[in-house]
Amino acid sequence: MRRLYSYEGGALMGWLLDECRIRGFTLQALAAELGVTYGYLNQLRSGLREISQVGPRFAQRAARFLGVPTVVVKLMAGQLTMSDFIPPVSYTHLTLPTIC
């Protein structure tokens with residue numbers, strides 16, 4: 001797991017490339033699965049382009065490729081943080097009405 005987080009293109013790219021290797025895919029085949037060009041994938045891989053800037057379609061395709069919900073891909077790409085799942089303090093004092 002450590003190798004994924006230390007990957008130059010980020011944890012998500014490390015995971016995608018690891019899965020690519022496990023499946024015996026070429027980088028060209030991975031790019032086709034993700035709906036991007038080989039050149040774009042290479043820029044993400046090298047860190048020339050930020051993985052946090054990928055669009056929703058890329059996130060959806062990456063999620064499908066990895067077999068995880070899209071939100072996991074967005075977390076790994078740095079588009080979301082765990083604090084995005086915590087309600088603002090101003091809402092914590094509210095209670096929901098009881099439904100009979």
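Predicted model: local features only at pLDDT ≥ 70, side-chain atom pairs only at ≥ 80, totals over all residues.

Let me begin with helix H5, residues 56-66, where the buried residues are Phe-58, Ala-59, Ala-62, Ala-63, Phe-65 and Leu-66.

An α-helix has 3.6 residues a turn, so residues three or four places apart point the same way.

Now look at the face of H5 that is turned away from the buried side. The exposed residues Pro-56, Arg-57 and Arg-64 are carried there.

What covers the buried residues of H5? The cover includes helix H2 (11-23), helix H3 (27-34), helix H4 (38-46) and H6. After H5 comes Gly-67, which has a positive phi, near 75°.

**The whole chain**

Let me step back for a moment. The protein has 6 helices and 0 strands, and its pattern along the sequence reads α-α-α-α-α-α. There are 100 residues in the protein, and 29% of them are buried. The accessible surface comes to about 6800 Å², and carbon and sulfur atoms account for 57% of that. If you take contacts between residues at least 6 apart in sequence, 49% of them join residues at least 24 apart.

**The nonpolar core**

In soluble globular proteins, nonpolar side chains tend to be buried together. In this model, the largest nonpolar core has 22 residues. The residues with the most contacts inside that core are Leu-12, Leu-16, Leu-30, Leu-34, Leu-41, Ile-51 and Phe-58. At least two residues of this core come from each of H2, H3, H4, H5 and H6. Which helix gives the largest share of the core? That is H5, with 6 residues.

I will pick out a few of these residues. Phe-58 is one of the buried residues of H5. Leaving out residues up to four places away in sequence, Phe-58 touches Leu-12, Leu-16, Leu-34, Val-36, Leu-44 and Ile-51.

Val-36, from that list, sits in the loop between H3 and H4. Along the sequence Val-36 and Phe-58 are 22 residues apart, while in space their C-alpha atoms are 7.8 Å apart. With its neighbours within four places in sequence left aside, Val-36 is in contact with Ala-31, Leu-41 and Phe-58.

That brings us to Leu-41, which is in helix H4. Is Leu-41 buried or exposed? Its relative accessible area is 2%, so Leu-41 is buried. Again not counting residues up to four places away in sequence, Leu-41 touches Met-13, Leu-27, Leu-30, Ala-31, Leu-34 and Val-36. For Leu-30, which is 11 residues from Leu-41 along the chain, the separation between the two C-alpha atoms is 8.5 Å.

Next, the charged side chains. How many salt bridges does the structure hold? The structure holds 2 salt bridges.

One is formed by Arg-21 with Asp-18, and the closest N and O atoms are 2.9 Å apart. The two residues are separated by about one helical turn, because Arg-21 and Asp-18 are 3 residues apart in helix H2.

Arg-23 forms a salt bridge with Glu-19, where the closest N and O atoms are 2.9 Å apart. Here the residues are 4 apart in helix H2, so Arg-23 and Glu-19 are also separated by about one helical turn. Arg-23 counts as partly exposed, at 38% relative accessibility.

Val-71, Met-82 and Phe-85 make a nonpolar surface patch of about 300 Å². Where is Met-82 found? It is in the segment after helix H6 (70-77). Met-82 has a relative accessible area of 58%, so it is exposed.

To finish, keep two places in mind. One is H5, which supplies 6 residues, the largest share of the core. The other is the surface patch of Val-71, Met-82 and Phe-85.

Methods
Residues numbered from 1 in each chain as written. Heavy atoms only, no water. Patch = residues over 30% accessible without salt bridge, like charges linked within 9 Å, V, L, I, M, F, W, Y side chains within 5 Å. Areas by Shrake-Rupley, 256 points an atom, 1.4 Å probe, with all protein chains shown as cover. Salt bridge = Lys/Arg side-chain N within 4 Å of Asp/Glu carboxyl O. Buried < 20%, exposed > 50% of the residue type's maximum accessible area, 1.4 Å probe, protein only. Contact = heavy atoms within 4.5 Å. Core = buried A, V, L, I, M, F, W, Y, C linked by side-chain atoms within 4.5 Å.
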